Number of protein chains: 2
Amino acid sequence: MDQQCSCEKCELKQLFFENVTENEMMSLCQNRIEKSYSIGEKIITEGNEITQFIYLKSGLVKLYRHTEDGKEQIMTIAKPFDFVSILSVFSDLKYNYSVKALEESVTCNIPIAEVKGLIRKNGRFATSIIEKMSAVSDKVIIEMLEIRRRNLRGRLALILLYFSNVIFKSNSFDLPISRKEIAEYIGMTTENVIRTLTEFRKDGILKIYGKTIEITDKKRLKLISRLG
Amino acid sequence: MDQQCSCEKCELKQLFFENVTENEMMSLCQNRIEKSYSIGEKIITEGNEITQFIYLKSGLVKLYRHTEDGKEQIMTIAKPFDFVSILSVFSDLKYNYSVKALEESVTCNIPIAEVKGLIRKNGRFATSIIEKMSAVSDKVIIEMLEIRRRNLRGRLALILLYFSNVIFKSNSFDLPISRKEIAEYIGMTTENVIRTLTEFRKDGILKIYGKTIEITDKKRLKLISRLG
DNA sequence: CGCGGCTTTGATGTTCATCAAGTAAAGTGG
DNA sequence: CCACTTTACTTGATGAACATCAAAGCCGCG
């Protein structure tokens with residue numbers, strides 16, 4: 001095995017492991033497993049035991065859960081640096097949500113005991129994990145409140161802007177989720193997602209080619225997102 | 001000053017400070033301030049700087065925030081052990097929500113730097129904080145998803161059961177919040193909260209005397225909560 | 001090439017917000 | 001303590017927003 005651990009070069013090292021000693025890093029590096037997932041593959045299954053601390057190195061994923069009546073609710077869509085396996089990882093023995101890849105994704109998996117040990121031994125590491133957790137749950141909660149307070153047009157406008165500004169950083173992008181999933185994400189029906197998209201198209205706000213969206217009147221979309 | 005720190009007797013000590021040494025505890029104890037709040041008093045104001053780590057010793061509080069259009073959204077209702085000042089405390093410099101007392105409440109306030117120091121020095125403490133944080137954000141997120149997936153009747157039934165089973169542990173209790181606040185909590189209008197309450201009363205599910213609620217047909221209320 | 005899931009549009013009815021208007025309760029200052 | 005103001009509560013009427021149901025075209029995949 002190399003003296004130089006391959007994690008040293010990982011662009012996500014600074015995110016969580018900035019304050020980890022060389023020895024600790026070596027141990028992490030030897031115990032970690034990288035996994036690749038193709039579109040639609042499940043990364044985490046609701047109800048399964050939590051054994052790994054998982055974070056997203058690249059790609060895009062959705063966090064979702066099943067309701068009693070068999071439907072799905074999407075909690076959030078996470079990209080790298082947004083954290084995957086943070087919610088409930090430290091408070092529960094089992095996952096109470098599932099995670100699925102929306103794009104080709106790569107995760108880094110570390111045995112949870114290893115991470116817990118590191119938290120106990122290394123205060124700076126503990127601090128950075130706590131800060132990260134705090135930021136992530138905050139983000140999810142605020143996002144959910146922002147969705148809730150809008151009507152359908154506002155909700156759809158909001159997430160289109162989210163894809164455009166935050167995820168893809170472009171006015172033209174391929175929707176990473178189906179119409180049905182958009183509905184599950186923002187709490188409306190598939191039919192109304194489609195109808196509202198069509199409205200936006202007719203109003204000259206969007207161009208739509210299947211999954212490809214081009215935002216042509218962003219100012220107007222922002223207005224709808226603010227006023228509903 | 002006493003040798004014996006008064007925090008030693010605090011029933012909440014075990015919750016966060018179980019793993020803290022005697023010296024650390026003395027320091028905490030000297031720097032902490034207990035504060036009392038009467039009904040309606042503000043404990044935390046949105047936008048203010050975060051300087052204290054605040055937890056609820058007794059009482060009941062609401063966490064809420066203002067939307068752009070001047071309305072209020074209640075994020076959750078917290079009781080002791082449910083944590084108050086956990087969301088965003090470690091990731092942000094300012095609060096992005098407010099907290100108000102719904103009942104006579106007492107908080108214990110510790111300078112945030114003190115807690116951060118403790119996290120760095122004491123791994124077991126860091127672990128217990130992380131577990132607590134994880135559990136709290138999980139609770140809030142699941143709660144919000146559960147509210148969202150229901151129709152009005154289901155939402156109202158859900159929170160009535162929440163008050164009855166979780167908060168007051170009785171079929172008869174005084175609502176700690178106004179009709180308007182219920183509306184802000186579960187995302188509906190005040191008028192419809194009232195109308196639905198009246199419906200429940202007419203259906204023989206509840207008795208209502210102002211703020212006092214008595215659940216007379218819990219089985220039925222549970223059914224409504226499940227099926228909407 | 002046929003099956004199942006996704007997408008689309010239309011018709012219909014329910015659910016819910018909004019507006020209006022009045023009563024009750026609770027806080028406020030003289 | 002009473003008049004006054006404000007805030008909370010309540011009911012009804014109306015229309016808009018939204019879900020549901022139905023039917024058909026499309027697409028990818030075994």
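**Entry 1. Surface near DNA strand C**

I began with the residues near DNA strand C and found three nonpolar, six polar and six charged. I count Ala, Val, Leu, Ile, Met, Phe, Trp, Tyr, Cys and Pro as nonpolar, Asp, Glu, Lys and Arg as charged, and the others, Gly among them, as polar. "Near" means that the C-beta atom of the residue, placed from the backbone, lies within 6 Å of the strand. The model is predicted: local features need pLDDT of at least 70, side-chain atom pairs count only at pLDDT 80 or more, and totals for chains, interfaces and linings use all residues. Residues are numbered from 1 along each chain as its sequence is written, while chains are lettered from A and ligands numbered from 1 in the order in which they are written.

DNA strand C is surrounded by 15 residues. The closest are A:Ser178, A:Arg179, B:Asn151, B:Leu152 and B:Asn192. Helix H6 (179–186) and H7 of chain A, with helix H5 (152–167) and H7 of chain B, each supply at least two residues of this surface. H7(A) gives the most, with five residues. Helices here are DSSP runs of H or I with at least four residues, strands are runs of E with at least two, and both are numbered from the N terminus.

**Entry 2. Surface near DNA strand D**

I then looked up DNA strand D, which has 14 residues around it. A:Asn151, A:Leu152, A:Asn192, B:Ser178 and B:Arg179 come nearest. At least two residues each come from helix H7 (190–202) of chain A and from helix H6 (179–186) and helix H7 (190–202) of chain B. H7(B) gives the most to this surface, with five residues. The division is three nonpolar, six polar and five charged.

**Entry 3. How the two chains are related**

I laid chain B on chain A: the RMSD is 0.0 Å, with a turn of 180° and a shift of 0.0 Å along the axis. The two copies are thus related as by a two-fold rotation axis. The superposition is by least squares on the C-alpha atoms of residues with pLDDT of at least 70 in both copies.

**Entry 4. The side of chain B that touches chain A**

In chain B, 36 residues are in contact with 36 residues of chain A. Contact means that the C-beta atoms of two residues, placed from the backbone, lie within 7 Å. Strand S5 (72–78), helix H3 (112–121) and helix H4 (123–148) of chain B are the elements that give two or more residues to this side. H4(B) has the largest share, 18 residues. By type, the side divides into 15 nonpolar, ten polar and eleven charged. Since 100% of the interface residues of chain B are also interface residues in chain A, the copies meet through the same surface.

**Entry 5. Helix H4 of chain B**

I checked the length of H4(B). At 1.5 Å a residue, its 26 residues should span 38 Å, and the end C-alpha atoms are 38 Å apart, which agrees. The expected span is 1.5 Å times one less than the number of residues.

Next I listed its buried residues, which include B:Phe125, B:Ile129, B:Met133, B:Val136, B:Val140 and B:Met144. A residue is buried if 20 or more other C-beta atoms lie within 10 Å of its own, exposed if 12 or fewer, and partly exposed in between, with C-beta atoms placed from the backbone. The cover of the buried residues of H4(B) includes S5, H3 and H4 of chain A, together with helix H1 (13–16), S5 and H3 of chain B.

**Entry 6. Helix H6 of chain B**

H6(B) is mostly covered, with six of its eight residues buried. They are B:Glu181, B:Ile182, B:Ala183, B:Glu184, B:Tyr185 and B:Ile186. These residues pack against S4, S5, H4, H5 and H7 of chain B. B:Gly187 follows the helix and has a positive phi, near 70°.

**Entry 7. A loop residue**

B:Asp69 lies in the loop between strand S4 (61–66) and S5 of chain B. B:Asp69 is exposed, with 9 other C-beta atoms within 10 Å.

**Entry 8. Chain A and its domains**

Chain A has eight helices and ten strands. Of its 228 residues, 36% count as buried. The C-alpha trace spans about 60 × 35 × 30 Å along its principal axes.

The domain assignment, which is automatic or from a database, gives domain 1 (6–139) and domain 2 (150–227) of chain A. Their centres, taken over C-alpha atoms, are separated by 28 Å. The contact takes nine residues from domain 1 and six residues from domain 2. On the domain 1 side, S5(A) has the largest share, three residues.
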